[in-house]
Structures are given as structure tokens and as C-alpha cells.
Amino acid sequence: MSTRRKFIKLSALGATMLGGGFQYASAFAGSLGAAKRNRPVVISTWNHGIPANAAAWEILNKKGTALDAVEAGVRVPEADPEVRTVGYGGYPDREGHVTLDACIMDKDSNCGAVAFLEHIKHPISVARKVMEDTPHVMLVGEGALQFALEKGFKKENLLTPQSEKDWKNWLKESKYKPVINIENHDTIGLLALDANGDLAGACTTSGAAYKMHGRVGDSPIIGAGLFVDNEVGAATATGLGEAVIRMVGSHLVVELMRQGNSPEEACRLAVERIIAKHKDVKDLQVGFIALNKNGEYGGYCIQKGFNYAVQDKSGVKLIDGKSKF
């Protein structure tokens with residue numbers, strides 16, 4: 001009987017501890033219920049994020065969904081030939097082909113992606129079609145192009161005269177050495193929190209200038225270039241994709257927010273993890289931005305020079321990201 005009483009007491013104590021542990025874990029996971037909420041809000045990488053955010057904000061400000069907002073937002077730089085690292089007019093690969101990568105993710109963890117896609121100006125919209133109209137997450141190359149054409153997307157030449165001229169000049173020496181914060185700011189990553197408190201994200205790029213034909217970076221890879229968890233927050237990456245892929249960077253940032261870190265702290269810890277895995281980061285740039293369920297946001301990068309754009313009810317901001325070096 002004494003042994004049975006001890007067992008019951010220990011079981012009760014264990015249940016209490018488990019209950020307390022659960023409460024502690026919930027409180028530790030971002031303390032999101034206590035903070036003042038800022039929504040809607042949209043955040044994106046680099047200064048070309050300002051017009052992207054403006055397009056997203058038009059939807060968010062009318063109580064539209066975060067998913068519609070992120071797609072509309074990144075379509076702006078995709079169509080702008082002056083943005084040389086995204087979509088139409090993007091730098092080609094070393095063989096003169098403009099190949100595009102993109103992904104999108106919604107509040108329910110639905111996601112779609114395309115990679116190594118040619119001739120389609122808006123890969124983000126093709127990625128959304130992959131998400132909504134197929135059982136798959138990613139389509140690549142000729143298959144992605146075939147799917148896009150079947151869905152009514154227009155086939156067009158994405159290599160502008162200026163990009164072609166720059167490529168031909170590059171061919172004279174054919175040296176592949178990306179310059180950080182120039183060729184490496186190769187992505188528009190955009191995250192949004194709508195009036196309903198739901199998150200979504202989109203990421204799209206023409207990739208590193210003069211890359212090997214067929215190279216794909218982190219941008220279309222869910223968990224690397226983009227990750228959304230509607231319970232916690234969202235993150236997206238920019239910079240050298242290979243370094244981001246090795247750490248599954250955007251997923252790492254979201255999980256760090258789940259552990260109670262602010263968006264900026266989560267980005268910093270992810271950057272430090274990447275630095276720790278490289279012997280020399282002198283020529284390496286990676287940056288992250290993150291947004292949590294309360295509308296708190298932040299960013300962090302390896303080297304100085306990274307910035308990100310924010311728009312919420314307080315206005316429009318371009319923020320210089322904090323850096324390790």
C-alpha cells in the first residue's frame with residue numbers, strides 16, 4: 001500500500017511538472033500573447049523592397065490576405081528591368097540564359113516553388129499555381145516552363161539589351177567572383193502579416209550573376225530561402241544561397257523565434273551559426289529578415305551593407321541591418 005501511495009504521489013507530481021513544463025514552453029515560445037500587436041505589416045529585403053511593399057500594402061490595408069499581398073509585392077521587382085537580380089532584366093548565367101527561382105508559402109504551410117525556369121516574367125505566380133493546382137511543391141526547368149505555359153503564362157525573352165551587354169563584357173575575362181552586396185543581393189524576400197493575424201511569404205530571384213548553367217540557390221527552397229509557421233513567425237534570406245542551404249537558414253530563424261528570441265536576435269543567432277561553419281567569411285554575405293505573429297520584425301547580416309524595407313501603419317522605413325562585422 002505504501003508503495004502504491006508513493007507511486008500515486010509521484011504520478012501526480014509528474015503530471016504537475018509536465019503541466020508546468022507545458023506552460024513554461026508556451027510562455028518561452030516567443031511570449032507572443034503579451035506584446036502589443038502591430039498589424040498589418042510587410043517587410044522585405046533591400047531597397048527594391050520599398051515599391052514591393054507598397055504593392056503589398058495596398059492589399060493589406062484593405063484587409064486582404066497576406067498571401068495575395070506577398071505575391072503582388074514581389075511581382076513588382078520581377079517586372080522591373082532596373083532590378084538586375086530579379087525577374088525580367090536579371091543577370092544571366094554564364095551561357096547567357098536568364099533562369100529564375102521562386103517560392104511562396106501560406107499560413108497553412110502550403111507552399112509552391114519553381115526553379116531553373118526560363119522565359120516567364122513572374123515565377124512567383126507560377127510557384128503559387130504549383131501550390132494551388134498540383135499535388136507537388138516544386139517544379140523545375142522544362143517541366144516548370146511547360147506547366148506555366150499550360151496555365152496561360154506568356155513566353156518571352158527576359159534578357160534585356162543591357163543585361164546582354166554586361167554578359168558579353170563579362171565573357172571577355174569570364175571571372176566568377178561575386179561581389180558582396182552587389183551581385184549577392186540577388187533576392188527579393190517579402191513577409192507579410194495581415195489584419196487577421198495570418199502570415200505568408202514569397203521569395204524570387206534570377207540568382208547569382210554568371211552562375212553555372214543549372215545552378216539553383218536557396219531562394220526556391222522551402223526552409224532555406226523562406227519559411228513560414230503561422231504559430232510563430234516567418235523568415236527569408238538573401239546573400240550566398242549555398243551558405244543558406246547548408247544551414248536551412250530561414251527554418252532555423254523561425255525555430256529560434258519559437259524558442260523565445262526576438263526576430264532580430266533569431267536572425268543574429270542564425271548568422272552566427274553560418275559564420276561558425278566557415279573558415280573565412282571575408283567575402284561572404286548572408287542576411288536574414290524575420291517577422292513574428294505580433295508584427296515585430298528585425299534583420300541581421302554578416303557584413304555591413306544589407307538593408308530591408310518595412311511598411312506598417314506608422315509609415316515606410318528603410319532600415320540598415322545590423323551586422324557581425
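Which residues does UniProt list for "binding site"? The unreviewed entry lists Arg 215, Val 216, Gly 217, Asp 218, Thr 238, Gly 239, Leu 240 and Gly 241. UniProt positions are given in the numbering used here, feature names are shortened, and annotations may be inferred rather than shown by experiment.

## Basis of the model

This is a predicted model: local features need pLDDT of at least 70, side-chain atom pairs count only at pLDDT 80 or more, and totals for chains, interfaces and linings use all residues. Residues are numbered from 1 along each chain as its sequence is written, and side-chain values use heavy atoms, with hydrogens and water left out.

## Two listed positions

Val 216 sits in the loop between strand 6 (199-205) and strand 7 (226-229). Helices (H or I, at least four residues) and strands (E, at least two) are DSSP runs, numbered from the N terminus. Val 216 has a relative accessible area of 28%, so it is partly exposed. Buried means under 20% relative accessible area, exposed over 50%, and partly exposed in between (1.4 Å probe, protein chains only). Leaving out residues up to four places away in sequence, Val 216 touches Asp 101, Ala 115, Phe 116 and Ile 245. Contact means heavy atoms within 4.5 Å.

Gly 239 belongs to strand 8 (residues 233-239). Its relative accessible area is 2%, so Gly 239 is buried.

## Salt bridges

Side chains of opposite charge can pair when their charged atoms come close. The structure holds 19 salt bridges. Each is a side-chain nitrogen of Lys or Arg within 4 Å of a carboxyl oxygen of Asp or Glu.

One of them joins Asp 68 and Arg 128 (2.8 Å, N to O). This pair links distant parts of the chain: Asp 68 is in helix 3 (residues 66-79) and Arg 128 in helix 4 (residues 123-133), 60 residues apart. Asp 68 is partly exposed at 32% relative accessibility, whereas Arg 128 is buried at 15%. Asp 68, Glu 71, Arg 128 and Glu 132 are linked in a network of salt bridges.

## Two further pairs

Lys 168 and Glu 164 form a salt bridge (3.4 Å, N to O). Both lie in helix 6 (residues 161-171), four residues apart, about one turn of the helix. Lys 168 is partly exposed at 45% relative accessible area. Glu 164 is partly exposed at 31%.

Asp 312 and Lys 317 also meet through their side chains in a salt bridge (3.6 Å, N to O). Asp 312 has 7% relative accessibility and counts as buried. Lys 317 has 27% and counts as partly exposed.
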